[in-house]
Amino acid sequence: MLNSYISFLENKYATTVTVKWIWAVVVLISVIGAIGYAVYCTWVGGTFVGGIKIGIPDLVHVTFNCQR
């Protein structure tokens, strides 16, 4: 009885779990890329400037800049 209910829930929410994993991978790759860019910028003698702004008109506005 319990096994069939668990199987039902897994089948019902299979696409939701898959989509959450895709977003988790996208966020992880983005964070690794931003950290890599910051390390590269400081490695070549620049100053890494970045920020995240949450508000209107953009919901999330992310900026990265390497100043030399």
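Residues 24 or more positions apart account for 22% of the contacts in the protein chain that have a separation of 6 or more, a contact being heavy atoms within 4.5 Å. The model is predicted: local features need pLDDT of at least 70, side-chain atom pairs count only at pLDDT 80 or more, and totals for chains, interfaces and linings use all residues. Residues are numbered from 1 along each chain as its sequence is written, and side-chain values use heavy atoms, with hydrogens and water left out.

**The whole chain**

Begin by displaying the whole protein chain. Its C-alpha atoms fill a box of roughly 65 × 30 × 15 Å along the principal axes. The radius of gyration is 20 Å, whereas a compact globule of 68 residues would have a value near 11 Å; the radius is taken over C-alpha atoms, and the globule rule is 2.2 Å times the number of residues to the power 0.38.

Next, show the surface. The protein chain exposes about 6100 Å², of which carbon and sulfur atoms supply 70% (Shrake-Rupley method, 1.4 Å probe; for residues, only the protein chains shown count as cover). Of the 68 residues, 7% count as buried, where buried means under 20% relative accessible area, exposed over 50%, and partly exposed in between (1.4 Å probe, protein chains only).

**Helices**

Switch to a cartoon view. The chain has two helices and two strands, arranged along the sequence as α-α-β-β. Helices (H or I, at least four residues) and strands (E, at least two) are DSSP runs, numbered from the N terminus.

Select Lys 12, which lies in helix α1 (residues 2-12). Lys 12 counts as partly exposed because its relative accessibility is 48%.

**Hairpin**

Move on to strand β1 (residues 47-54), which pairs with β2 in the antiparallel sense over eight bridges; two strands pair if DSSP finds at least two bridges between them. The two strands form a hairpin with five residues between them.

**Disulfide**

Finally, select Cys 41 and Cys 66, which are joined by a disulfide with an S to S distance of 2.0 Å; a disulfide is a pair of cysteine sulfur atoms within 2.5 Å. This pair links distant parts of the chain, 25 residues apart: Cys 41 is in helix α2 (residues 14-43) and Cys 66 in strand β2 (residues 60-67). The link is right-handed, with 95° about the S-S bond. Cys 41 counts as buried because its relative accessibility is 0%.
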